[in-house]
Amino acid sequence: DTLITSIKKTNRMVFVEESWPLGSIATEVTYKLQKEAFDYLDAPITRITGADVPMSFSPPLIEAYLPNVEKIIKAVKEVMYK
């Protein structure tokens with residue numbers, strides 16, 4: 001209910017999670033939000049998740065795998081159509 005109230009205010013949603021893109025909490029939550037709050041959305045819900053690859057032990061590869069500020073800012077600009 002809290003997320004649907006937020007969507008009603010902003011008409012947009014960017015969901016950030018460090019898990020894989022499929023079979024994660026983001027998948028289920030965004031599905032439910034799109035189903036329940038579709039009429040309020042002015043843009044598709046965007047998910048920023050970890051890469052769809054196994055997690056590595058190399059620090060540079062971990063940095064590339066996880067969501068970061070640059071990816072989040074890019075996604076927000078996309079849902080704002082800027």
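Me: Why is Thr 46 called buried?

Reply: Its relative accessible area is 18%, and buried means under 20% (exposed is over 50%, partly exposed in between, with a 1.4 Å probe and protein chains only), so Thr 46 counts as buried. Keep in mind that this is a predicted model, where local features need pLDDT of at least 70, side-chain atom pairs count only at pLDDT 80 or more, and totals for chains, interfaces and linings use all residues. Residues are numbered from 1 along each chain as its sequence is written, and side-chain values use heavy atoms, with hydrogens and water left out.

Me: What is Thr 46 in contact with, leaving aside its neighbours within four places in sequence?

Reply: Met 13, Val 14, Phe 15, Ala 75 and Val 79. Contact here means heavy atoms within 4.5 Å. Thr 46 itself lies in strand S2 (strands are DSSP runs of E, at least two residues; helices are runs of H or I, at least four; both are numbered from the N terminus).

Me: What makes Ile 48 buried?

Reply: Ile 48 has 9% relative accessibility, so it counts as buried. Ile 48 is placed in strand S2 too. Not counting residues up to four places away in sequence, Ile 48 touches Val 14, Phe 15, Val 16, Glu 17, Pro 67, Lys 71, Ile 72 and Ala 75.

Me: How do you know that Asp 42 and Arg 12 form a salt bridge?

Reply: Their closest N and O atoms are 3.9 Å apart. The rule asks for a side-chain nitrogen of Lys or Arg within 4 Å of a carboxyl oxygen of Asp or Glu, so the pair qualifies. This one links distant parts of the chain, 30 residues apart: Asp 42 is in the loop between helix H2 (25–36) and strand S2 (46–48), and Arg 12 is in the loop between helix H1 (2–10) and strand S1 (14–16).

Me: How many salt bridges does the rule give?

Reply: Two. Glu 36 has a relative accessible area of 43%, so Glu 36 is partly exposed.

Me: What makes up the largest nonpolar core?

Reply: Nine residues: Ile 4, Ile 7, Met 13, Phe 15, Ala 26, Leu 33, Ala 37, Leu 41 and Ile 45. To belong, buried Ala, Val, Leu, Ile, Met, Phe, Trp, Tyr and Cys residues must be joined through side-chain atoms within 4.5 Å.
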